[in-house]
Amino acid sequence: MSDGLSGTRVMWMRGGTSKGGYFLASDLPADPAARDEILLRIMGSPDPRQIDGLGGANPLTSKVAVVRPSSREGIDVDYLFLQVFVDKPIVTDGQNCGNILAGVGPFAIERGLVAAEDGTTDVRIFMENTGQIATATVSTPGRVVTYAGDARIDGVPGTASPIPILFEDTAGSSCGALLPTGNEVDTIAGTEVTLIDNGMPCVILDAADFGLSGTETPAELDANTELKARLEEIRLLAGPMMNLGDVAAKSVPKMTLVSPARSGGAISTRSFIPHRCHDAIGVLAAVSVASASLLGEGPAARYGAVPDGQEKSMSVEHPTGEFTVIARLDDANTLLSAGVLRTARKLADGQAF
């Protein structure tokens, strides 16, 4: 373990459509305050450009995974996600991240926490932020992690090795219930919303209620100060309703505008994380949106094109493409599990200062 001044071992990875540092818990201080001080220094926060650190001046590239061997039966590793704010001296564990999750399996194998099998290796991951379990399947031909492959995900150039991820029991991961208020529709500040948590707390809103088509670019939405003020007003009121308390300094809930799909998918989205519009959409946010589409009413149910059958492949469109969620339901149409396909790539391995 390092004090951060002499260097801290880290692997920098792209996970899904995010990027950040992957650390063994044993390489960081056990004290959260000391740990956060090092992470802020490594990322270069607080600074809008993160010029004095490795962060990419964007919430999507200022993320951290802390991984340790798990003592839980049937689980390989425990994963703690930390969001390092770009322009504030804040490190928060108030949410999960399914994109950074995509790199946890390869990282755990590379660091020797999980023995690789020949062909593929399943890594069972306990997500500390939410107490949920995910299984990531990593390509390991010859018992070596490979990042090269033919899988393509929107928001990432080129192709890479596929990493299918199956989520278990994600409903109410942060809020205590899939629908924390018990309602499919609530009205906040005069706007109808769905408050839902199937791995990521989200406030689902109809883009049309804000005078939007839902086709606006992230840059256009980020420049819309009136829209962002309204979204923040709703978000702050939604926090206590979702059992999240005061969310003024938290990165959840996410605010997701929905509209009809334009490219053959199930639904179109514009997601705020929570104050900047995402160039794509987070893994677990996409799962929550897809789940909202399965409800009887609400903004997502209004537009969501839900396929027939107990296994539903639902394409969630976003500004740079789409994100397919595989939802499995029982005979009573209760969601059993949700799976996604992600990729990851190792970018650097060494010491950060």
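Visitor: What makes helix α6 (residues 283-293) largely enclosed by the rest of the structure?

Guide: This is a predicted model, in which local features need pLDDT of at least 70 and side-chain atom pairs count only at pLDDT 80 or more, while totals for chains, interfaces and linings use all residues. Residues are numbered from 1 along each chain as its sequence is written, and side-chain values use heavy atoms, with hydrogens and water left out. A residue is buried under 20% relative accessible area, exposed over 50% and partly exposed in between, using a 1.4 Å probe and protein chains only. Eleven of the eleven residues of α6 are buried, so the helix is largely enclosed. Among them are V283, L284 and S293.

Visitor: Why is strand β12 (residues 254-259) called largely enclosed?

Guide: Six of the six residues of β12 are buried, so the conclusion is that β12 is largely enclosed by the rest of the structure. Helices (H or I, at least four residues) and strands (E, at least two) are DSSP runs, numbered from the N terminus.

Visitor: Which way do the residues of β12 point?

Guide: K254, T256 and V258 point one way, and M255, L257 and S259 the other way. In a regular strand the side chains alternate between the two faces of the sheet.

Visitor: How do you know that strand β11 (residues 201-206) pairs with β12?

Guide: Two strands pair if DSSP finds at least two bridges between them. Five bridges join β11 to β12, and these strands run parallel; C202 has K254 as its bridge partner in β12. Strand β13 (residues 267-272) also pairs with β12, in the antiparallel sense over five bridges, and there V258 has T269 as its partner.

Visitor: What can be said of strand β7 (residues 132-140) on the question of burial?

Guide: Seven of its nine residues are buried, so β7 is largely enclosed too. Nine bridges pair β7 with strand β6 (residues 119-127) in the antiparallel sense, and R124 stands opposite T135. Strand β8 (residues 163-168) is joined to β7 by four bridges and runs antiparallel to it; I133 has E168 as its partner in β8.

Visitor: Why is D169 called exposed?

Guide: D169 has 58% relative accessibility, so it counts as exposed. D169 lies in the loop between β8 and β9 (186-188) and has a positive phi of about 50°, although it is not a glycine. N243 is exposed at a relative accessible area of 51%, and its phi is near 65°. Most residues other than glycine have a negative phi, and most peptide bonds are trans.

Visitor: Where are cis peptide bonds found?

Guide: One joins S45 and P46, with omega about 5°. Another runs from I273 to P274, with omega near -5°; P274 is in the loop between β13 and α6.

Visitor: What makes the chain as compact as a globular protein of its length?

Guide: The chain has seven helices and 17 strands. Its radius of gyration is 19 Å, close to the 20 Å that the globule rule gives for 353 residues, so the chain is as compact as a globular protein of that length. That radius is taken over C-alpha atoms, and the rule is 2.2 Å times the number of residues to the power 0.38.

Visitor: How much of the chain counts as buried?

Guide: Of the 353 residues, 56% count as buried.
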